[in-house]
Amino acid sequence: MRVISGSRKGLPLKAVPGTNTRPTTDKVKESIFNMIGPYFDGGIAVDLFAGSGNLGIESLSRGIDLCIFIEKDQKAIQTINENLKKCRLEDLSEIYKIDAARAVKAFEKRELKIELLFVDPPYNKTAFYDLAQKIVEVGCMSDTGIIVCEHDKMVDLAADFDTFTLARRETYGGTIISIYRKRLEEEGN
């Protein structure tokens, strides 16, 4: 794994040791950022099931101002810290060792406006995709925000997360990337 583009292009990233996480491959990561960016003019990103921090670090390299990494596995937290240090991005990051559902409550209290939300839970934990719905419902997504869900091809995600609707879906082997954007109000309503 490596940073593909932006200010930290080419820097190698470590994977989390063991088999508890499934890192997004460089090919899939490049495709995600080609669909949603490829670059950003600031904003806040949240990497909800961060693993190695791969997606959040890529978003920082491409212009996001701050990335909040949410992860509850200690080995993954260590890996995120090491990757951020190697990329010299510690000052643009917040890392929380917390359950994702509790993190959503904290986002609501902070009144965050998230520009980029990555939702990539363990594939067998499909209920965690409902957290994207909750984040939208509590008003934590910006109007220009993007939700990126990475999931198994056997998982059928909703067409909408409240006011965010499926804008694009791409398949890469057994992995599907679903991208949601705020639904534009129809003229005359």
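In the predicted model, helices α1 and α2 are oblique to each other. Helix α1 spans residues 26–36 and helix α2 residues 54–61; the two pack at an angle of about 45°, and their axes lie 11 Å apart. The crossing is right-handed. On the α1 side, the contact is made by Lys29, Ile32 and Phe33, and on the α2 side by Asn54, Leu55, Glu58 and Ser59. By class, three of these residues are nonpolar, two polar and two charged.

Helix α2 is largely enclosed by the rest of the structure, because eight of its eight residues are buried. Among them are Leu55, Ile57 and Leu60, as well as Glu58. Gly63, which follows α2, has a positive phi near 115°.

Nine salt bridges were found in a search of the whole structure. Salt bridges with shared partners join Arg2, Asp26, Lys29, Glu58 and Arg62 into one network.

A further salt bridge is formed between Glu82 and Lys14, whose closest N and O atoms are 2.5 Å apart. Glu82 lies in helix α3 (residues 74–86) and Lys14 in the segment before α1, so the pair ties together parts 68 residues apart in sequence. Glu82 is partly exposed, at 35% relative accessibility, and Lys14 is partly exposed at 38%.

Terms used:
Residues numbered from 1 in each chain as written. Predicted model: local features only at pLDDT ≥ 70, side-chain atom pairs only at ≥ 80, totals over all residues. Heavy atoms only, no water. Axes fitted to C-alpha atoms, helices over the stretch in contact; angles between N-to-C directions. Helix = DSSP H or I, 4+ residues; strand = E, 2+ residues; numbered from the N terminus. Parallel < 35°, antiparallel > 145°, perpendicular 65-115°, else oblique. Left-handed = near helix turned anticlockwise from the far one by under 90°. Contact = heavy atoms within 4.5 Å. Nonpolar A, V, L, I, M, F, W, Y, C, P; charged D, E, K, R; others polar. Buried < 20%, exposed > 50% of the residue type's maximum accessible area, 1.4 Å probe, protein only. Salt bridge = Lys/Arg side-chain N within 4 Å of Asp/Glu carboxyl O.
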